[in-house]
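Thanks for coming, everyone. Let's take a quick look at the aromatic side chains in this one. Here it is.

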Amino acid sequence: YSRLGNYASAKRFYSDNIITQYHVAGHDIDPQDLPGTDSPQAMEASILLARGIDAFFGARKEDAIVDFVAADRLIPNNPLVHYFWGYALVHSSRGPEAVEHFRIAAEYGHGALAKDAGERLQSTQAEAQLQAKHTKGVR
């Protein structure tokens, strides 16, 4: 929609999809954490985020990661993008890579997102340390 210049439809798709999906994850969403819809760049990032979340919940983790990377290029350090990027990495058995994404989400996020990202950051760091120790012990 946004590439066709139909920003009203793009905003409606984005708002309906992103908010519904994020409530499925059990959290209220703070509007400050959304990439936004106030510019073509922000709208494109918002749509990529929504599509990535849809791919994530559809068990297409690698497709989701591609969309989160693209959204981050448009709107760097968005906490919601990094939260789901980290979440997708963890569920793709790439937990150590997720640490930085949860850190960004915790640092820049608000409310429940920041709290949950902080908790996921701690557990992901602990898991990465255990994996590192196990890898050293195997050698």
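Which residues form one aromatic cluster? They are F56, F57, F68, Y83, F84, Y87 and F102.

A word on the source. This is a predicted model, where local features need pLDDT of at least 70, side-chain atom pairs count only at pLDDT 80 or more, and totals for chains, interfaces and linings use all residues. Numbering runs from 1 along each chain as its sequence is written, and side-chain values use heavy atoms, with hydrogens and water left out.

Now the pairs. Nine aromatic pairs are found in the structure. Rings of Phe, Tyr and Trp (its six-membered ring) pair if their centres lie within 6.5 Å; planes under 30 degrees apart are stacked, over 60 edge-to-face, and the rest tilted.

Take Y83 and Y87. Their pair is tilted, at 5.9 Å centre to centre and 40° between the planes. Both sit in helix 4, residues 79-90. They are four residues apart, so about one helical turn separates them. Helices here are DSSP runs of H or I, at least four residues, numbered from the N terminus.

Y87 also pairs with F84. That pair is tilted too: 6.5 Å between centres, 55° between planes. F84 and Y87 are three residues apart in helix 4, again about one turn.

Buried or exposed? Y83 is buried. F84 is buried, with a relative accessible area of 0%. Y87 is buried at 17%. Buried means under 20% relative accessible area, with a 1.4 Å probe and protein chains only.

Methods:
Helices (H or I, at least four residues) and strands (E, at least two) are DSSP runs, numbered from the N terminus. Buried means under 20% relative accessible area, exposed over 50%, partly exposed in between (1.4 Å probe, protein chains only).
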